[in-house]
Amino acid sequence: MSANEERIAQFRKMATECPDDELANYRLGSLLMEEKQHDEAITYFRKTLELSPFFSKVYQLLAQSQIALDQKAAAIETLKSGFAVADERGDNMPRDEMSRLLVQLGQEAPAKRGQAAAPVGGEGGFHCQRPTCMLGSRARPLPAPPFKDELGRKIQENICADCWGIWLRDSSIKVINELRLDLSREDHQTQYDRYMLEFLGLEEPTTVGSSLPLA
Ligand SMILES: [Zn+2]
């Protein structure tokens, strides 16, 4: 099994055991897409969007799989919806990429509205970067950094108190159980940190150098 196949098996298990875990569905879709298994990738991207309709990056990936399968009309529809979501949330990177793909498909570049509209940020213009955050203008920043280091500062600047709470109360425990992590081991701690960053949307998922030990 290649490293990617191992990770696919791992996330397939996770998505089966926790079908409502948007991140597991998203990661599985992304890995399948990398392996050019676009049909199945589309299934998991759609599932992710059912769970998290504001996860703008997923529209982009879904459209890219649809383009790979020559489903041009479906891709255009996906990109138009995704552009609107990304624009409203202020997710500039996926928004601009989806605009570029629409132009490649012979469409006009859609107009940006997000910037012209009233500020979408909450208190003091705070904008939560977690891709699945649904709070928009109700997002509240954390009162203090959760860790006394650079990462703690980054989390406080970018992640709202509610999303941090979801990670701490719910998802972190699930990750430890699902991936059978032993946090006294340095390699497991690294895996845990990486999963946390992906959960929070502070790091792009990567499969390069993945060495998660499978139980
Ligand atoms: Zn949030």
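1. The model is a predicted one, and I begin with Cys163, whose relative accessibility of 2% is under the 20% limit, so that this residue counts as buried. Cys133 has a relative accessibility of 4% and therefore counts as buried too.

2. Both of these cysteines belong to the zinc site, where the ion is coordinated at 2.3 Å by the SG atoms of Cys128, Cys133, Cys160 and Cys163. Around the zinc ion the 4 donor atoms subtend angles of 106 to 116°, and because these angles lie between 85 and 135 degrees the arrangement is tetrahedral. For reference, the ideal angle for four tetrahedral donors is 109.5 degrees.

3. Along the sequence, the residues that donate to the zinc ion follow the spacing C-x4-C-x26-C-x2-C. Cys133 sits in the loop between helix 6 (92-104) and helix 7 (150-158), whereas Cys163 is part of helix 8 (residues 161-178), so this pair ties together parts that are 30 residues apart in sequence.

4. Leaving out residues up to four places away in sequence, Phe54 touches Val85, Arg89, Asp91, Pro131 and Met134.

5. As for the overall make-up, the protein chain contains 9 helices and 0 strands, and from the N terminus on its elements run α-α-α-α-α-α-α-α-α. Of its 215 residues, 46% count as buried. Among the contacts in the chain with a separation of 6 or more, 56% are accounted for by residues 24 or more positions apart.

6. How are helix 1 and helix 2 oriented to each other? Helix 1 (residues 3-17) packs against helix 2 at an angle of about 150°, with the axes 9 Å apart, and the two helices are therefore roughly antiparallel. Their crossing is left-handed. On the side of helix 1 the residues that meet helix 2 are Asn4, Arg7, Ile8, Phe11, Arg12, Met14 and Ala15, and their counterparts in helix 2 are Ala24, Asn25, Arg27, Leu28, Leu31, Leu32 and Glu34.

7. Within that pairing, is Ala24 buried or exposed? With a relative accessibility of 0%, Ala24 counts as buried, and its place is in helix 2. When neighbours within four places in sequence are set aside, Ala24 is in contact with Phe11, Met14, Ala15 and Tyr195.

8. Helix 2 (residues 22-34) also packs with helix 4 (residues 56-68), their axes coming within 11 Å and crossing at roughly 30°, which makes helix 2 roughly parallel to helix 4. This crossing, like the one described above for helix 1 and helix 2, is left-handed. Tyr26, Ser30 and Met33 in helix 2 meet Lys57, Val58, Leu61, Gln64 and Ser65 in helix 4.

9. Helix 4 has a further partner in helix 5 (residues 72-89), and here the axes come within 8 Å and cross at roughly 165°. Helix 4 and helix 5 are therefore roughly antiparallel to each other, and their crossing is left-handed. The contact involves Ser56, Tyr59, Leu62, Ala63, Gln66 and Ile67 of helix 4, together with Ala74, Ala75, Thr78, Leu79, Ser81, Gly82, Val85 and Ala86 of helix 5.

10. Finally, I would draw attention to the backbone at two loop positions. Lys36 has a phi near 60°, a positive value in a residue other than glycine; Lys36 is placed in the loop between helix 2 and helix 3 (38-51), and at 65% relative accessibility this residue counts as exposed. Arg180, which is not a glycine either, has a positive phi of about 50°, and its place is in the loop between helix 8 and helix 9 (186-200).

Methods: Residues numbered from 1 in each chain as written. Predicted model: local features only at pLDDT ≥ 70, side-chain atom pairs only at ≥ 80, totals over all residues. Heavy atoms only, no water. Donors = N, O, S within 2.8 Å, 3.2 Å for Na, K, Ca; no water. Tetrahedral: all angles 85-135°; square planar, octahedral: opposite > 155°, others 65-115°. Helix = DSSP H or I, 4+ residues; strand = E, 2+ residues; numbered from the N terminus. Buried < 20%, exposed > 50% of the residue type's maximum accessible area, 1.4 Å probe, protein only. Axes fitted to C-alpha atoms, helices over the stretch in contact; angles between N-to-C directions. Parallel < 35°, antiparallel > 145°, perpendicular 65-115°, else oblique. Left-handed = near helix turned anticlockwise from the far one by under 90°. Contact = heavy atoms within 4.5 Å.
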